[in-house]
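Subject: Structure for your files

Hello,

Here is the structure we spoke about, with the sequence. My notes on it follow below.

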Amino acid sequence: MSVTELSVSTQNYLKAVWSLSEWSDSPVVPSLIAERTGLKLSSVSDAVRKLSEQGLMEHAPYGAVSLTELGRSYAISMVRRHRLIESFLVQVLGYGWDQVHDEAEALEHTVSDFMVERMDELLGFPSRDPHGDPIPAADGSMPRLDAVQLSHADAGRSVVVERISDEDPALLQFFATRGIVIGTRLDVAEGAPFSDAVEVTPAGGGEPVTLGRTPMHALYVSAAASGSD
């Protein structure tokens, strides 16, 4: 069965559970799902129970929610749709990377499987979306992205930006105006004492930028190759 045959609500719940565990090891509990979806906790609890009965989720009382193999396959299909649509909007229609998330959220429920595959082919089968997130392949396999939050990177090192969280469009605009995009090399230095901040300088003569906790958590980086520009 295609993911398009599921209700929009079911699609959203499955994608939310998968997304909450993509970059975090914290247990996915109903309260987190409610926060992610903007729904009441009681509504989420009812939905989790029903989706568990349908064989799409597993949930022990007062425990974490997880996806069954079937539920995970549907969730990955939704993630694939979302990230390909974002890529299409940026590369073909000229959207800014800060403008595509909400559009993709709406379109991912309405496009056909055929259109998704045509977009993938037109874009040259991309492995990453505009924010650096891996795009699942048609067979459900997920490219691996070795990256950690900038907050976990050591000062005095050079790193490469691999992913930027798209949860806050204003933060994406902030990064773009300071030359911090996917693929940017940053030299990391300690911030002022007790500031909980770091100072990063884009390679190639960019101006130093002070980043506090929120932007540090939004940036995912890998170690820069020795001697790279």
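A pocket here is an open set of points on a 1 Å grid over the protein atoms alone, with protein on both sides within 12 Å along at least five of seven lines, and its lining residues have an atom within 4 Å of a point. Points are joined across faces, edges and corners, and the volume is the space filled by probe spheres set on them; the probe is 1.4 Å. The model is predicted, so local features need pLDDT of at least 70 and side-chain atom pairs count only at pLDDT 80 or more, while totals for chains, interfaces and linings use all residues. Residues are numbered from 1 along each chain as its sequence is written, and side-chain values use heavy atoms, with hydrogens and water left out.

Pockets

The largest pocket has a volume of about 1,100 Å³. Its lining has 38 residues, and S19, R36, S165, D166 and E167 lie nearest the centre. By type, the lining holds 11 nonpolar (Ala, Val, Leu, Ile, Met, Phe, Trp, Tyr, Cys, Pro), 14 charged (Asp, Glu, Lys, Arg) and 13 polar residues (the others, Gly among them). Helix α1 gives the largest share of this lining, six residues. Helices and strands are DSSP runs, numbered from the N terminus (helices H or I, at least four residues; strands E, at least two).

The second largest pocket holds about 270 Å³. Here too α1 gives the largest share of the lining, three residues. Among the lining residues are W18, W23, R72, P134 and R144. The lining divides into seven nonpolar, one polar and four charged residues.

Helix α2

G38 follows α2 and has a positive phi, near 75 degrees.

Residues 1-68

An unreviewed UniProt entry lists residues 1-68 as "domain: HTH dtxR-type"; such annotations may be inferred rather than shown by experiment. The span is 53% helix and 9% strand, and its end C-alpha atoms lie 16 Å apart. T68 is in the loop between β2 and α4. T68 counts as buried because its relative accessibility is 14%. Leaving out residues up to four places away in sequence, T68 touches G55, L56, M57 and E58.

Regards

Methods
Buried means under 20% relative accessible area, exposed over 50%, partly exposed in between (1.4 Å probe, protein chains only). Contact means heavy atoms within 4.5 Å.
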